[in-house]
Number of protein chains: 2
Amino acid sequence: MYKPSKNLLECVRSLFPLEICPWDDYFLRMAQTDFYLNCHYKKASKTYFIRRAPFGGSYAILGGLTLFLRVLNDFVFNDDVIRALKNMGYRDEFCNFLQNLQIRVTVSAINEGMVFFPNEPAVIIEGSLISVRIAEGILTKSLNFPTLAMTKWHRVVEAASPGKTYEFSRRRAQNDIITSLYAHLAGIDISSNAEIRKGADIPISGSMGHEWIQSFGDEFDAFDKWLEINPDRPILLVDTISTLNSGVPNAIKAFNKHRLRIKEAGGIPGIRNDSGDLAYLTIEERLMLNKHGCTDVMIFETNDLDEYSIQSIKQQIFTQTPKFMNPSDILEKIIWACGTNPGTCSDQPSIGGVVKLTSIEDKAVIKIAHDNSIKTSIPGSNRSAHVYTEEGELLCCLIYHKSEKVENTEIAYHPDDKGKNIRLADYKNLVFEKRQIYINNSRETLDNVRERVKNETKNLHWSYKRLNNPHRVKVSLTEKVFNLRKKMIQNNQLMEEK
Amino acid sequence: MYKPSKNLLECVRSLFPLEICPWDDYFLRMAQTDFYLNCHYKKASKTYFIRRAPFGGSYAILGGLTLFLRVLNDFVFNDDVIRALKNMGYRDEFCNFLQNLQIRVTVSAINEGMVFFPNEPAVIIEGSLISVRIAEGILTKSLNFPTLAMTKWHRVVEAASPGKTYEFSRRRAQNDIITSLYAHLAGIDISSNAEIRKGADIPISGSMGHEWIQSFGDEFDAFDKWLEINPDRPILLVDTISTLNSGVPNAIKAFNKHRLRIKEAGGIPGIRNDSGDLAYLTIEERLMLNKHGCTDVMIFETNDLDEYSIQSIKQQIFTQTPKFMNPSDILEKIIWACGTNPGTCSDQPSIGGVVKLTSIEDKAVIKIAHDNSIKTSIPGSNRSAHVYTEEGELLCCLIYHKSEKVENTEIAYHPDDKGKNIRLADYKNLVFEKRQIYINNSRETLDNVRERVKNETKNLHWSYKRLNNPHRVKVSLTEKVFNLRKKMIQNNQLMEEK
C-alpha cells in the first residue's frame with residue numbers, strides 16, 4: 001500500500017513488516033529457563049547506552065525509538081509465532097504460557113532525535129524479567145543502526161551547512177530504507193530512494209545517469225533532449241567524456257538554448273560532477289558558467305562524499321578561489337549529494353550500542369569484566385541529567401539513581417579518574433536538565449524529529465561538534481552510584497546486597 | 001507467515017516484501033523521457049560488474065541473483081504503483097503506458113554462489129531500453145550487498161576451516177536478514193537470528209548472555225541452574241567476572257556436576273569467551289579443562305571476530321601451545337562465532353558494484369571518464385570465460401563479445417598494459433569455461449548454493465585466496481573487444497559506428 005505519511009509511527013508501520021521472532025534466539029532461551037526456574041516474574045530493568053561515541057565524535061543522536069515502541073505495541077504471541085517456536089524446539093508448557101503473555105515494559109527514554117553521550121542511559125526498560133529479557137532483542141536492533149545512521153547523516157548536514165544536501169544511497173546501502181528514513185530525520189533535504197515514499201512523506205528527486213548520455217552517443221544531443229522533455233529537472237551530468245573539455249561546454253550550450261523553457265517550468269538548473277577533483281572542477285566550472293551567462297546554475301557534487309570530504313572541499317574552495325571572486329559565491333551554489341559513505345557509515349559501520357541488565361528486584365546488578373574494564377557496566381536503574389552553568393555552558397552529563405533528587409548533587413564523580421571529579425557545590429544556579437522526557441506520543445512527526453535534532457545540536461558548543469578529535473563531555477556519577485559501583489567491583493559482587 | 005524453506009526463491013519471497021517502487025527515482029525519470037522521445041523500444045543491454053574485488057581480495061562471490069529475478073518476476077505496475085508515480089509527479093500519459101508494461105529482460109548470468117573477478121561481466125540484461133533502464137534500479141540493489149556479504153562470510157568460513165562457524169550479527173547489523181541469509185549461503189553453520197527462520201530453513205541456536213549470570217548474582221549458581229534446565233544447550237559464558245579466576249573454574253564445577261544429564265540430553269558442552277585475549281585464554285582454558293576431566297568441552301570464541309583475527313588467533317595458538325600438547329588438540333575444539341565485523345563488512349561496508357549500459361541497437365556504448373580512467377567501461381554486450389591450461393591452472397578471465405567464438409582467441413589483451421597480454425595460441429589444449437551458465441531455475445536451494453560456493457572456491461588456487469595481498473587473476477579482452485574500446489576512447493566516441 002502506497003501511504004506516504006508525516007507521522008513517524010505510521011511511517012514505521014508501513015515501511016517495516018512486523019517480525020515474527022524479533023530477537024536473537026538466546027533471549028528466548030533465557031526466558032524459557034526463567035520460566036522453568038519460576039523467576040520470570042521478578043522485577044527487572046535494563047538500560048541501553050553506547051560505550052563510545054561513533055566516528056570519533058563526542059555524541060550520538062538517538063534514532064529507532066519509534067521502531068522499538070512499534071514492535072512493543074504490535075507484537076503478539078499469536079498462533080504463527082507459537083508454531084515457529086515449537087518448530088525451534090521450545091517446550092509446549094512454555095509456549096502455552098507465552099500465548100497469554102503480552103510483552104509489557106515501562107520505557108523511560110530520551111526522545112528520538114536527542115543527543116546523548118557514552119555511558120549515558122538513553123533508554124531504560126523496566127518490567128517482569130521475562131518481558132525485559134525478550135524486549136532487549138527488539139530494543140538493540142531497533143536502536144543500533146538508526147542511531148548510527150542518524151548521527152552520521154547529521155554530521156554530513158553540519159559539514160554541508162548552509163548548503164543543501166541530497167541522499168543517494170539506495171544502490172549500495174546495506175539497508176536503504178533505514179538509511180533514507182534516518183537521513184531525512186537527521187536533516188537531509190531530498191532522497192533519491194523512490195521506495196521510501198511507500199511509507200514516508202519525504203521529498204525525492206532524480207535526473208540523469210551516465211547511461212542517458214551514452215544512449216545518445218552525443219553529449220550535447222543528450223542534454224538538449226533532456227531539457228526539452230524535463231525543463232523542470234534541468235540537472236545535467238557532465239563527466240561522461242571529459243568534464244571541462246566537453247561536459248560543461250555542452251551543458252552551457254544546452255542551458256542557453258532552453259533558458260526560457262526552464263524558467264517557465266520553474267526548474268533550477270544544475271550540473272553534476274561525479275568524478276575527478278571536485279574542488280578544482282567546481283572552481284573552474286563556476287568561472288566558465290559565470291562567463292557564459294549561467295550564474296544561476298547550481299553545481300551538484302557527487303562521488304563518494306562524506307562529511308570529511310565535504311569539509312575539505314569547502315575549505316579548499318575557500319582558499320583557492322581566484323582573488324577576483326568571493327568564495328561564498330561558489331560555495332552558496334553547491335548542492336552536496338552523498339550516497340555510499342554515509343549510507344553505510346563507512347568509517348564505522350556499527351555502533352557499540354548495548355543493553356545491560358541493571359537491576360533485579362530493585363537490587364542493582366553489574367557486569368564486572370576484569371579482563372576488559374571498558375565493558376564494566378554502571379549498576380542500577382539510573383537516569384541522566386545534563387548540567388548547565390548559569391551561563392548556559394554544559395558542565396557534565398550526570399548519571400543518578402532514579403530514586404535520587406539529582407539537583408542535590410554536590411560532587412559529580414568521574415567513574416574511574418578522581419582528578420576529573422567536578423564540585424557542583426562550587427557553582428551557583430546550576431540548571432539540571434533531566435533527559436528522560438519521552439512520553440508515549442504516537443503523534444511524533446518527521447518534522448518534529450528534524451526540528452529536535454536541529455535544536456539539540458545547535459545548543460551543543462562547537463568544540464563538541466568538531467569532526468576530528470572533539471572536546472569530550474564529562475559523563476559523571478552521583479556519589480551513590482559511584483560508591484555502589486566501586487564497592488561491587490572491589491567485592492566481585494554481581495548483585496547489590498540489601 | 002512462518003514458512004522456513006530450503007528453496008531460495010521461496011526464502012526470498014517470504015523474507016523480503018515486494019517493493020512498490022524498487023528503484024532510485026532517476027531510472028524512472030530517464031524512462032519517462034525515453035517514452036516522450038519515443039526511443040523506449042530501442043534494444044539495449046547492460047552489464048553488472050565490480051571495479052575492484054572487495055576486502056583487498058582477488059575475487060567476489062555472486063549473491064542476490066535470486067532477489068533480482070524475484071522482483072523481475074513478481075513486480076507489476078498495478079494501481080498502487082501508478083498512484084505512487086502520479087503522486088511523485090509522473091505524467092498521466094506515461095503512467096497509462098506503464099500500466100500495460102511488463103518489465104521484460106533476458107538475463108545472462110553466472111549462478112548465485114559463483115566466483116567472479118573485477119570487470120568480468122557477472123550479470124547481463126538485454127531488452128527494450130525502458131525495461132533495461134528500470135531493471136538496473138532493481139539489479140544494483142539486489143546484487144550489491146548480498147555479493148559483498150557472501151564474499152565476506154566466505155572469507156570467515158575459509159579462515160576458520162575446518163572449524164565450525166556461527167553467525168551472531170543481528171543486534172548490530174545494518175541489515176540482519178540479508179546478513180544471516182547470505183552468511184548461511186557462504187557456508188556459515190548456525191545463526192543466532194530467530195527471524196531468519198520466518199522464510200529460510202537455516203539452523204539457529206542460542207544460549208546465555210551476561211545478563212543470565214548477573215540475574216543470579218552468583219556465577220556458579222547461574223551455571224548450575226542453566227544446565228539443570230538446558231542440558232541440551234550446555235554453553236556457559238565465562239567472562240562476567242574474571243575468565244580464568246572465576247568463569248572457567250565455575251564452569252568446570254558445573255559441568256562435572258551435570259555430566260550425566262548433559263550426556264543423556266545429547267548436549268555438546270562448551271564455554272564461551274567474550275572478552276580478553278582470546279588466544280591466550282583459549283590455551284589456558286584448554287589446559288584447565290583437560291586437567292579437570294573436561295576434554296570434551298568446546299571453546300566458543302566471540303568478541304569482534306573476523307577472518308583476520310581468526311587467522312591470527314589460530315596462528316598464535318599454533319606457535320604458543322606448550323610443547324607437551326598438540327596445537328591441533330586445541331584448534332579442533334574451537335567454534336568461531338562472528339557478528340558485527342563480518343555482519344557489517346566492517347573493513348569495506350560497500351562493494352563497487354555497478355551496472356553500465358553496454359549497447360544500444362546492437363551498437364556498443366562506453367563511458368569514457370577521462371578524469372578517472374578506472375571508471376572507463378568495457379563497451380559491448382560481452383560474456384566471459386575462465387581459461388585453464390591443460391594442467392588445470394587458471395590462466396586468465398577472458399571477456400569476449402557474445403557474437404565471438406571465444407575458443408578461437410589467439411591473444412588475451414590486458415585492457416591497459418600491453419606487457420600483460422597473454423598469447424593463448426602458445427598453449428596446447430586450453431579449456432575455455434564459459435561462465436554465464438545461469439538458466440532460470442526456480443528450484444535453486446540453499447544447499448545447492450552452499451555446495452557451489454564450496455566447489456568454486458576449492459578450485460581456486462590458494463594464492464588467489466590469501467587474505468592479504470593475494471595474487472590477482474588476469475582479466476583480459478579479446479582482440480575485437482580490445483580494439484573497439486581503444487578506438488572509442490581515442491575518438492571520444494560514446495557509441496560504436498556501424
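Me: What makes the pair Glu19(A) and Arg170(B) a salt bridge?
Reply: In this predicted model, the closest N and O atoms of Glu19(A) and Arg170(B) are 2.5 Å apart. The rule asks for a Lys or Arg side-chain nitrogen within 4 Å of an Asp or Glu carboxyl oxygen, so the pair counts as a salt bridge.

Me: How many salt bridges does the rule find across the interface of chain A and chain B?
Reply: It finds 8 across that interface.

Me: How many residues does each chain bring to the contact, and what area do chain A and chain B bury?
Reply: Chain A gives 103 residues and chain B gives 102 residues. Between them the two chains bury about 8,900 Å², with 53% of it on carbon and sulfur atoms.

Me: How do you know that domain 1 and domain 2 of chain A are in contact?
Reply: Contact means heavy atoms within 4.5 Å, and therefore 27 residues of domain 1 of chain A count as touching 29 residues of domain 2 of chain A. The two domains bury about 2,400 Å² between them, 66% of it on carbon and sulfur atoms. Leu15(A), Arg450(A) and Leu467(A) supply 28% of the area that domain 1 buries against domain 2, more than any other three residues. The count of salt bridges between these two domains is 0.

Me: Why is Arg261(A) called partly exposed?
Reply: Its relative accessibility is 39%. Buried means under 20% and exposed means over 50%, so Arg261(A) falls in between and is partly exposed.

Me: Where is Arg261(A) found, and which residues is it in contact with beyond its neighbours in sequence?
Reply: Arg261(A) is in helix 10 (residues 243-265) of chain A. Leaving aside neighbours within four places in sequence, Arg261(A) is in contact with Leu227(A), Glu228(A) and Pro231(A). Lys225(A) is 36 residues from Arg261(A) in sequence, and their C-alpha atoms are 13 Å apart in space.

Me: What makes helix 6 of chain B mostly covered?
Reply: Of its 32 residues, 30 are buried, and buried means under 20% relative accessible area.

Me: How does the span of helix 6 of chain B compare with the one expected, and where does the helix bend?
Reply: Helix 6 (residues 129-160) reaches 46 Å from its first C-alpha to its last, close to the 46 Å expected at 1.5 Å a residue. The helix bends by about 30° at Ala135(B).

Methods
Residues numbered from 1 in each chain as written. Chains lettered and ligands numbered in written order. Predicted model: local features only at pLDDT ≥ 70, side-chain atom pairs only at ≥ 80, totals over all residues. Heavy atoms only, no water. Helix = DSSP H or I, 4+ residues; strand = E, 2+ residues; numbered from the N terminus. Expected span 1.5 Å × (residues − 1). Bend = angle between axes of the 7 residues up to and from the residue. Buried < 20%, exposed > 50% of the residue type's maximum accessible area, 1.4 Å probe, protein only. Buried area = accessible area lost by both parts, 1.4 Å probe.
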